[in-house]
Amino acid sequence: MGSKMKELVEFIVHSIVSQPEEVEVQLEETSKKVQLWLKVAPDDVGKVIGRRGRIVNSIRSLVRVLGTHHSVRVELSID
Amino acid sequence: MENIPNSVEIIAPDLDTAIAQAQEELGVPAKDLEAEIVDDENENTDGGLTIRVRVLMPDKTPALELEEVSVAGCQIISQLLGHMEIEAELSAAYQHSTNDEEDPYLNIDIEGEDLGILIGRRGETMDALQYIARVMLRKKMGRWVNLSIDVSGYKNHREQQLRRLAHRMAQQVTQFGRPISLEPMLAYERRIIHMTLQDNPGVRTESSGDGNHRHVTITPDTIR
C-alpha cells in the first residue's frame with residue numbers, strides 16, 4: 001500500500017519543484033500505518049510547503065484518500 | 001487565415017504607436033502581439049527620429065491556447081485520480097466572467113460512483129485536489145489558470161445550502177440584535193455567505209480567524 005502512496009507523492013512533487021531529480025521519498029510501513037518522508041532540494045522546500053503549509057497539507061489530504069480506502073493511517077513529513 | 005502575414009514591419013515614432021498600428025493591420029489584440037525593435041534610430045525625411053519595429057503574430061490563437069489548457073487540466077486531474085485509485089469521468093467547460101478583464105474560469109466536473117471520499121469533510125479533499133491541480137497546471141502552462149473543480153455537483157448543492165443558512169442566520173441577527181458567528185468555512189464558501197447578504201440592509205458580514213478557523217460573523221447593521 002505504501003508504495004502507491006509514495007508514487008502519488010512523487011508524481012505531485014516532481015511536477016511542482018524546479019529540481020525533480022533531487023526529490024526523494026522514503027517509506028516506512030506497518031499494517032496500520034504508513035510513514036512517508038519527503039526530501040527535496042533546499043531551494044524547493046518552500047514550493048512543497050506552500051504559503052501557510054497549503055501545498056503540503058493538500059498533498060496530505062490526497063494521500064489520505066488512499067489511506068482511507070485501505071484503512072491505514074498515513075503520515076507525510078518533510079525531511 | 002492563409003492570407004494574413006504572421007509579421008509586419010512598421011515605422012513609427014514610438015513603440016506604442018507601432019503596436020497600435022500592427023493591431024489594426026493584423027486584427028489581433030495588442031496584448032497577444034510580440035514586438036521587436038529592428039532599428040531604433042531611423043531618421044525620417046523631416047529629420048525626426050523614428051523606430052522600425054517588427055511585430056509578430058502569436059503562434060497560437062487565444063482560442064487554441066484555451067483548448068490546450070483545458071486538455072492539460074483534464075490530463076493532470078485524471079493522472080492524479082489514477083494515482084488515487086479513483087475511477088471517474090471528467091468534463092471540462094469554460095465559464096466566462098461577467099467582466100471581460102478576468103480570465104475565464106475552467107470548470108472541470110468529476111462524476112462517478114461513491115465519490116464522497118473525494119469530496120471529504122465539508123469539501124476539504126476536493127479543495128485540496130483543486131489546489132494541487134492549479135499549482136501543477138500553472139507549472140505546466142507557465143501561467144495561472146482559474147481552475148475550478150466540482151465533484152458530483154457538490155459545489156452547487158453546497159451553495160444552495162449556504163444561501164439558505166445565510167438568510168436564516170441573518171434573520172436571527174436582525175430579530176435578536178446580536179451577532180452570530182458561523183462555523184469555519186473554505187474561502188469560496190465564505191464568499192457565498194458575503195455575496196448572499198451583501199444587499200441585506202439589516203446586517204453586515206465579516207471574516208475573521210486564521211487558516212482552518214477562518215469564519216464569517218454576521219452582525220446587526222445598526223448605523224443605518
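Let's start in chain B, at Ser148(B), which lies in strand β6, residues 147-151. Keep in mind that this is a predicted model. Is Ser148(B) buried or exposed? Its relative accessibility is 15%, so Ser148(B) counts as buried. The cut-off for buried is under 20%.

What does Ser148(B) touch, once we skip residues up to four places away in sequence? Tyr105(B), Leu106(B), Asn107(B) and Ile108(B) are on the list. Gln130(B) and Lys155(B) complete it.

Next, Ala35(B). This residue sits in strand β2 of chain B, residues 34-43. Ala35(B) counts as partly exposed, because its relative accessibility is 38%. Partly exposed is the range between the buried limit of 20% and the exposed limit of 50%. Now pick out Val69(B), which is 34 residues from Ala35(B) along the chain. How far apart are the C-alpha atoms of Ala35(B) and Val69(B)? The separation is 25 Å.

Now a sheet, still in chain B. First, a word on sheets as such. Strands of a sheet pair through backbone hydrogen bonds, and the pairing is either parallel or antiparallel. Ours is an open sheet of 3 strands, in the order β7-β9-β8, and its pairing is antiparallel. Which strands are at the edges? They are β7, residues 180-181, and β8, residues 203-208. Each of these pairs on one side only. Look at β8(B) and β9(B), the latter being residues 215-220. How many bridges join them? There are 6, and the two strands run antiparallel. Here is one partner to find on screen: Val203(B) has Pro220(B), in β9(B), as its bridge partner.

On to backbone angles. Two arginines, one in each chain, are worth a look. Arg122(B) is not a glycine, yet its phi is positive, near 50 degrees. Where is Arg122(B)? It is in the loop between α3 (116-119) and α4 (124-141) of chain B. Arg122(B) has 23% relative accessibility, so it counts as partly exposed.

The other arginine is Arg52(A). Its phi is also positive, about 55 degrees, and it is not a glycine either. Arg52(A) is in a loop of chain A, between α2 (45-49) and α3 (54-69). Is Arg52(A) buried or exposed? Exposed, because its relative accessible area is 67%.

That brings us to chain A as a whole. It has 3 helices and 3 strands. From the N terminus on, they run α-β-β-α-α-β. Now the overall size. The C-alpha trace spans about 35 × 25 × 20 Å along its principal axes. Chain A has 79 residues, so a compact globule would have a radius of gyration near 12 Å. Chain A has 12 Å, which agrees.

How much of chain A is buried? Of its 79 residues, 43% count as buried. Next, contacts with a separation of 6 or more. Residues 24 or more positions apart account for 60% of these in chain A.

Last, the surface and the charges. The accessible surface of chain A comes to about 4300 Å². Carbon and sulfur atoms hold 45% of that. Chain A has 12 positive and 11 negative side chains. How far apart are the centres of the two sets? They lie 11 Å apart.

Methods
Residues are numbered from 1 along each chain as its sequence is written. Chains are lettered from A and ligands numbered from 1 in the order in which they are written. This is a predicted model: local features need pLDDT of at least 70, side-chain atom pairs count only at pLDDT 80 or more; totals for chains, interfaces and linings use all residues. Side-chain values use heavy atoms; hydrogens and water are left out. Helices (H or I, at least four residues) and strands (E, at least two) are DSSP runs, numbered from the N terminus. The radius of gyration is taken over C-alpha atoms; the globule rule is 2.2 Å times the number of residues to the power 0.38. Buried means under 20% relative accessible area, exposed over 50%, partly exposed in between (1.4 Å probe, protein chains only). Contact means heavy atoms within 4.5 Å. Accessible areas come from the Shrake-Rupley method with a 1.4 Å probe; for residues, only the protein chains shown count as cover. Lys and Arg count as positive and Asp and Glu as negative; His and the chain ends are not counted. The place of a charge is taken as NZ of Lys, CZ of Arg, CG of Asp or CD of Glu. Two strands pair if DSSP finds at least two bridges between them.
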